[in-house]
Amino acid sequence: MSEAVETPFFKRPRKGLLIVVSGPSGSGKGTVLKQLFAHRKGMFYSVSATTRAPRPGEEDGKQYFFLTHGEFEKKIDEGDMLEHASYCGNYYGTPRSAVEEKRTAGLDVILEIEVQGAMQVKKSCPDCVTVFIAPPSAAELERRLRGRGTEPDDVIRDRLETAKGEIGSADKYEYIVVNDNVESAENIIDSIITAEKSKTSRFVD
Ligand code: ADP
Ligand code: 5GP
């Protein structure tokens, strides 16, 4: 006697989500996402390429792929970047191949990228999920950026100036998460991902 094969009513979504996270430098993206990755399974963090200099402790291939301007431009020309942008005088971009590979393998891929790049991804991958992490206030953003102590004063001023425009673009995102507390911001993003994975549209081809 052969056992009856159970046919599920719904196939689980086969492709992982593409989650785009932006927010001003110092808003706490890295801090919140680190906690999320420590607690949530099935995620992949896309390592970006940049022409900016590594900060103390940063390693090539870990936080970023550190490239020269020439190397970066070659990758753009060869179509290797899913998106790229110039931010405070440096190039930043998302290598295309890892994102596609990991999503196909069913992992939910997080891109931590600035606004111009996020808008490019929204256009080329309309099924992506866009999340803006906002600091509670301008004063708190400045405190966090200065408190982190990773940039000299002129770079901090440039980033705070850039932040004004970024906050003005928050309404282009589907979700806004105010990071006044790391744990609650992490929980909100975790809930967004869980809900997005249950969307009807993710169950159909
Ligand atoms: P980003 O990745 O957005 O540039 P970071 O994650 O590096 O920002 O955070 C900037 C600074 O703010 C860090 O020193 C971090 O410890 C601090 N920080 C992050 N989230 C919070 C929070 N909710 N409350 C207080 N400080 C925070
Ligand atoms: P940082 O120099 O602080 O690491 O990053 C500066 C800004 O560049 C942040 O807003 C960060 O999210 C963004 N960024 C990092 N990687 C990428 C990327 O691959 N593409 C784009 N467009 N922005 C990125």
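**Exercise 1. Work out what holds ligand 1 in contact with the protein.**

Start with Lys29: one of its polar side-chain atoms sits 2.8 Å from an oxygen atom of ligand 1. Next, take Asn179, where a side-chain N or O atom is 2.9 Å from a nitrogen atom of the ligand. Then look at Val182, which has a backbone N or O atom 3.5 Å from a nitrogen atom of ligand 1. Overall, the protein covers 74% of the 570 Å² of accessible area that ligand 1 has on its own (Shrake-Rupley method, 1.4 Å probe).

A quick note on the model: it's predicted, so local features need pLDDT of at least 70 and side-chain atom pairs 80 or more, while totals for chains, interfaces and linings use all residues. Residues count from 1 along each chain as written, chains are lettered from A and ligands numbered from 1 in written order, and side-chain values use heavy atoms, without hydrogens and water.

**Exercise 2. Check the length of helix H7 (residues 182-197).**

H7 is a DSSP run of H or I, at least four residues.

**Exercise 3. Find which residues of H7 are buried, and where they point.**

Buried (under 20% relative accessible area, 1.4 Å probe, protein chains only) are Ala185, Glu186, Ile189, Ile192, Ile193 and Glu196. Down the helix axis they fall within an arc of 120 degrees (using directions from the axis to the C-beta atoms), so they line one face of H7.

Conventions:
Helices (H or I, at least four residues) and strands (E, at least two) are DSSP runs, numbered from the N terminus. The expected span of a helix is 1.5 Å times one less than its number of residues. Buried means under 20% relative accessible area, exposed over 50%, partly exposed in between (1.4 Å probe, protein chains only). A polar contact is a pair of N or O atoms within 3.5 Å; within protein, one must be able to donate a hydrogen and the other to accept it, and residues adjacent in sequence count only if both atoms are side-chain atoms.
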